[in-house]
Every structure is written in structure tokens, then in C-alpha cells.
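Reader: I'd like to go through the charged pairs here, and then a bit of the surface. Could you take me through them one at a time?

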Amino acid sequence: MTATDPVANLQTLIRCPSVTPAEGGALSALDAMLSPLGFKVDKVKATEAGTPDIENLYARLGSDGPHLMFAGHTDVVPVGDEAAWTHPPFAAEISGGELFGRGAVDMKGGIACFVAAVSRYVEKHGNPKGSISLLITGDEEGPAINGTIKLLQWAAERGERWDACLVGEPTNPDALGDMIKIGRRGSLSGRITVHGVQGHAAYPHLADNPVRGMLQLTSALMDPPFDNGTENFQPSNLEVTTIDVGNPATNVIPAKGAASFNIRFNDTWTVDTLQAEILRRLEAAAKNGALRPGREAVRYDIAWADRPSHVFLTRNNALIASLSSAVESIAGKAPKLSTTGGTSDARFIKDYCPVVEFGLVGQTMHMVDERVAVSDLETLTQIYETFIERWFANAGA
């Protein structure tokens, strides 16, 4: 049995209930698809105290360069209310020209298509004049501690080097061929705690309401804008995501309050310069007496979240041109080169080689009745196969 059919590949993968952190049989299914093609397959378990153990997979075909990596994840998010699904989430049923199942789009579909593309390429051309590898994690939808980061480290310690990487995340907003991701904004989160003095709401002069100070601080974080955007990135944007005082009483001024925030930032900033700007804003706002006339500066602490994501932009012409031309020749449209959206495991891969992202249409990812058009699976497979051909031609030139 060959792996040239992306629909059959995807049905096999969806029927493996690999909700993070469970492997669910998905990596074993991939092994069964790749080994007959000549891939050397390694399963790598990564561990860290306080987090679930994660099974990952690294497979390589060939031993020489140039070396193309495909990266993705077989873990999926929970199904939610299973009774709300039109078709069982792990049955991989086809109805009305669509294949239903958790992970159909994000992102077992992309993996199924790439495996089919490699299988077709090998059938037509034999092994590539170079190497193809698949780096597949089971921890992308989870804390991302025992997945791509550690699998990259494991491979690099064994001498693996890559010239380019394609991540098969669902990048297209409306139709296949809309968008290639050539970079990602950075992401930085923090939590502010404002310290006040608890007291009776009728006697505010005997208390210090932390909510007033919180309003000053959070307002300063959201306005004015951090920047106006750059040539390749939209403006940086900070959102206050929660404000909590934990106070059930309406006649009690609370003792403290806390607020969490996240900022998605462009290449105007680094993590260090952005943290410095946020601290500058907070210090200035703390001294502002508009809401607290006659009071001392707001007393606050700030804690930064671990592992911020750094902004990056890929400028590798051979990689971008090979993928763009493949998309245009098969899908019939020139894809937009974009840096929009959230983060992905490309943020880790960029430290090892140039990386871009292209996959299916993402409209139903993480939703009830996640599904993909069967026709899109065939189209994406053809795009990936054409990309493989063109990348090796360009990389070897």
C-alpha cells in the first residue's frame, strides 16, 4: 500500500485520537507510511519535570544536501461537545465533498498531503538529489515544551542541518492559494499587580483603591499606539486580557488587583526594547494623579511570562520563490506573502534554517465539525509536489 492518496492518509491520521499530550497512534501511522519510501524514522520521547511526556517523530530520506525539512504536529485540541458534531470527530467520514474530523485542517491534513507529495515524487523521480526530512511533534497545541524545541535540539546534536523548512500549518484565510506566511510577529505577555489598601467604600480616604491605579496603568499600555507598522508587519498591538480583584463585596475597597496583557509586536521592537518601553509607560502612569489626586505613586509589580516569542522575517528567495510559483501554477493565483496571525512552531525553526508556512484553509480549525474539502487535499498535494521539484532545482542551482 502506497501513501500517494492524501485522503486515505488523512483518514488514517484522524482516526488516531491524538489529543495533546496523547500520541494516539498517529506517529506509528506516519512511520508505516514513511518507512516503505525509504525514510529512516526515529521516535523521540521528550520529558521535563512538571509537564507531560511527549512522543515526537523525525524521519529522513537521503543523506546529502541540500536538505529540505517539512514540519508539523499530529496532536490536536479537544473535540469539545462531541454530541454537537455532525460526524464523529475521529471517524474521518466524508460527506458532501468534505472530510470531517478533529485535525482535518490543523494540521493532520497538511501532513497527509506532504506525505502523499513525497510519495508521488519518489515514484516519479526516485530519491531526491539531496534529503527530505519530516519533523513532527505531539506538543504544538499544548505547552510546546517537549515538542519542536527539543526535537530540533535532538536532531542538531546528531549532526542534522537543514537548508530550508516548510511548515504545513493552515495559512489560507478563504481559499487555497491565498497566503504564504513568511514571518511572524513576536508575542510578549505579562501580569501587573497593583497594591492598595483595603477599606470601607463609604470611607475612601482611609483606603487606597487599586482599581484606580490599575486603570491608569492599563490605559497607558493601550494608548498611544506602540508604532504604525513596518514594511512587512502590521502595527504592534497590546490587549489587556483580564483584570481581577477577587472581591465579591460591593461595599469593600479591595486590597489589590491584577491585570494580564499580551502584545503582538513587529520588527520595530525586540523583547528587550519592548519590555523597556512597557516599564517606561508604567512608571509614568504610576505617577499620574488624575484618578488618585493627592496620593503617592501607584504601587505595582510586574511579572513577565516565560518564553516570549521573537519576531522574525524570512528572506530566502529560493524558498519563497519555489513555493510561490508552485502555488500559482497549481492554484492559479499569486499568494500573498504575509506575517499576520498568531505564533507557530516556525518561531523555533527559524533559529536553524529559513522557514515559511503554507497549508490548508483555516476557517474550521479548532471548531466543532472541523473539516476540509476533499478537492483541497488533492490540490495541496500537487502544490507540495511541485514545490519539492522546484525547491531542489533552485537549491541545487
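Reader: Which residue forms a salt bridge with Glu370?

Author: This is a predicted model, where local features need pLDDT of at least 70, side-chain atom pairs count only at pLDDT 80 or more, and totals for chains, interfaces and linings use all residues. Residues are numbered from 1 along each chain as its sequence is written, and side-chain values use heavy atoms, with hydrogens and water left out. A salt bridge here is a side-chain nitrogen of Lys or Arg within 4 Å of a carboxyl oxygen of Asp or Glu. With its closest N and O atoms 2.7 Å apart, the partner of Glu370 is Arg102.

Reader: How many residues apart are Glu370 and Arg102?

Author: Helices (H or I, at least four residues) and strands (E, at least two) are DSSP runs, numbered from the N terminus. Glu370 sits in the loop between β18 (355-357) and β19, and Arg102 in the loop between β5 and α3 (108-125). So the pair links distant parts of the chain, and both ends are buried (under 20% relative accessible area; exposed is over 50%, partly exposed in between; 1.4 Å probe, protein chains only), with Glu370 at 0% and Arg102 at 1%.

Reader: Which residues do salt bridges with shared partners join into one network?

Author: Here the salt bridges share partners. The network they make joins Glu277, Arg280 and Arg281.

Reader: What is the relative accessible area of Glu98, which pairs with Arg371?

Author: Arg371 and Glu98 form a salt bridge with closest N and O atoms 3.3 Å apart. Arg371 is in strand β19 (residues 371-373) and Glu98 in strand β5 (residues 98-100), 273 residues apart. Arg371 is partly exposed at 29%. Glu98 also counts as partly exposed, at 28%.

Reader: How many salt bridges does the structure hold?

Author: Side chains of opposite charge can pair when their charged atoms come close. Among the pairs here is Glu370 with Arg102. The total is 14.

Reader: Which helix does Val211 lie in?

Author: Val211 is partly exposed, with a relative accessible area of 34%. The helix spans residues 210-222. That's α5.
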